[in-house]
Amino acid sequence: MIYYAQGMELEVISQVFHGSANDVAVCRDRLSASDILYTLLIVHDRECARKMLTVMENRTRTDESPYLLCFSQNETMLFLFPYREERKFSAFAAGQMTSSEAGEAICINLVMECLSTNLPWPLLYLILEQDCVQIAKDNTIYFTMILDLAELEPARTERNCASLCARLLLDLLAGPVAGGGRRRKKLKSFELIWKKMSKNAYTGFPELYQDIKLTALPQMKLSLRSRGRIFWQQHRDGLFRLLLVLCVLLAIAAAVVLISQLIFGDVPLLRLFRHTFDVIGTENLHQGGHT
């Protein structure tokens, strides 16, 4: 099968998923000399295509598009994503948890990837739910788009995603350390996440990150860039509100200055910055003599 889009001829190499609402295929561009592979979501159900467009158009996390291309062919909606080989978190994470510290580091990496991805919340929820979280050999986390979109629900929010991610973290932190050894006692990070999960208390990923950070073993350290990203996620709403207030105040001040200039030919406020006491009676303080 060949799909045509914006000067590309996308040839399907293999079909990795077939569902009632969509298929997922791995493809390459026949017109390109490189061997770059892509993941192609082929949405053949009209209602599902409508939901996908709604989710993509209503995303608020970032202006950056999560897909490379979106196009239609023969009444089929298609979304093109970069391809990455699967190395499932569910299969490899526990084996790479060589210590409690390593396990908490993996948890931090997963939360950070959820924070930094440009995917809308409904798609991130499907990734977490449908075992599309991958882990590299160096414990970095990435996502693949082999999704069954029949389960897509546009109403999914960050809260839903954070709660689902917390369950994945609990499964990892509760398991044995690689090599057959099992912890003598549960990690503080596990206990805190479990308590909050039982109350459905997680509203977002920054809160989940903070709980791991506060209880993690001493080895955990994040780069300046990662700390900055966390700070932005936690305080962006407040910073936007502060910026809005400052802009409104500056606009009011500019309007007052303009009106004063038009009516009085002067700005009374600026008189505060003039030497108004240089001359008192017949004394000129600036020249040091009589006027």
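**Entry 1: helices H4 and H5**

I began with helix H4 (residues 121–129) and H5, which pack at about 20° with their axes 9 Å apart. Axes here are lines fitted to C-alpha atoms, for helices over the stretch in contact, and angles run from 0 to 180 degrees between N-to-C directions. H4 is therefore roughly parallel to H5. I noted the cut-offs: under 35 degrees is roughly parallel, over 145 roughly antiparallel, 65 to 115 roughly perpendicular, and the rest oblique.

Which residues make the contact? From H4 I listed Trp121, Leu124, Tyr125, Leu128 and Glu129. From H5 I listed Glu158, Asn160, Cys161, Leu164, Cys165 and Leu168. Contact means heavy atoms within 4.5 Å. H4 passes H5 in a left-handed crossing. A crossing is left-handed if the near helix is turned anticlockwise from the far one by less than a right angle, and right-handed if clockwise.

**Entry 2: ground rules**

I am reading a predicted model, in which local features need pLDDT of at least 70 and side-chain atom pairs count only at pLDDT 80 or more, while totals for chains, interfaces and linings use all residues. Residues are numbered from 1 along each chain as its sequence is written, and side-chain values use heavy atoms, with hydrogens and water left out.

**Entry 3: helices H3 and H5**

Next I looked at helix H3 (residues 100–116) against H5. Their axes come within 10 Å and cross at roughly 165°. H3 is therefore roughly antiparallel to H5. This crossing is right-handed. On the H3 side I found Gly103, Glu104, Ile106, Cys107, Leu110, Val111 and Cys114. They meet Cys165, Leu168, Leu169, Leu172 and Leu173 in H5.

**Entry 4: the whole chain**

I stepped back to the protein chain, which has eight helices and 11 strands. Both are DSSP runs numbered from the N terminus: helices are H or I with at least four residues, strands are E with at least two. Of the 291 residues, 40% count as buried. Buried means under 20% relative accessible area, exposed over 50%, and partly exposed in between (1.4 Å probe, protein chains only).

The chain exposes about 17,200 Å², and carbon and sulfur atoms supply 56% of that. Among contacts with a separation of 6 or more, 59% join residues 24 or more positions apart.

**Entry 5: the cores**

I looked up the largest nonpolar core and found 58 residues in it. Such a core is a set of buried Ala, Val, Leu, Ile, Met, Phe, Trp, Tyr and Cys residues joined through side-chain atoms within 4.5 Å. Leu123, Ile193 and Phe205 have the most contacts inside it. Helix H5 (residues 158–174) gives the most to this core, with nine residues. A second, separate core has 13 residues, including Ala5, Leu10, Cys27 and Ile42.

I then checked Ile193 by itself. Not counting residues up to four places away in sequence, Ile193 touches Ala166, Leu169, Leu170, Leu173, Tyr202, Leu208 and Ile212.

I picked two residues here. Is Val24 buried or exposed? Val24 is buried, with a relative accessible area of 1%. Arg28 is partly exposed at 31%.

Beyond four places in sequence, Val24 touches residues including Phe17, Leu41, Met145 and Ile146. For Arg28 and Leu10, 18 residues apart along the chain, the C-alpha separation is 5.4 Å. With neighbours within four places left aside, Arg28 is in contact with Glu9, Leu10, Glu11, Ile13, Ile36, Leu37 and Tyr38.

**Entry 6: strand E6**

Thr76 is in strand E6 (residues 76–82). At 14% relative accessibility, Thr76 counts as buried. Leaving aside neighbours within four places, its contacts are Ile42, Val43, His44 and Phe71.

**Entry 7: positive phi**

Most residues other than glycine have a negative phi. I noted two with positive values. Phi of Asn139 is near 75°, and phi of Asn200 is near 50°.

Where is Asn139? It is found in the loop between strand E7 (133–135) and strand E8 (141–143). Asn139 is buried, at 16% relative accessible area. Asn200 lies in the loop between helix H6 (188–198) and helix H7 (205–215). Asn200 counts as partly exposed, at 45%.

Conventions:
Areas by Shrake-Rupley, 256 points an atom, 1.4 Å probe, with all protein chains shown as cover.
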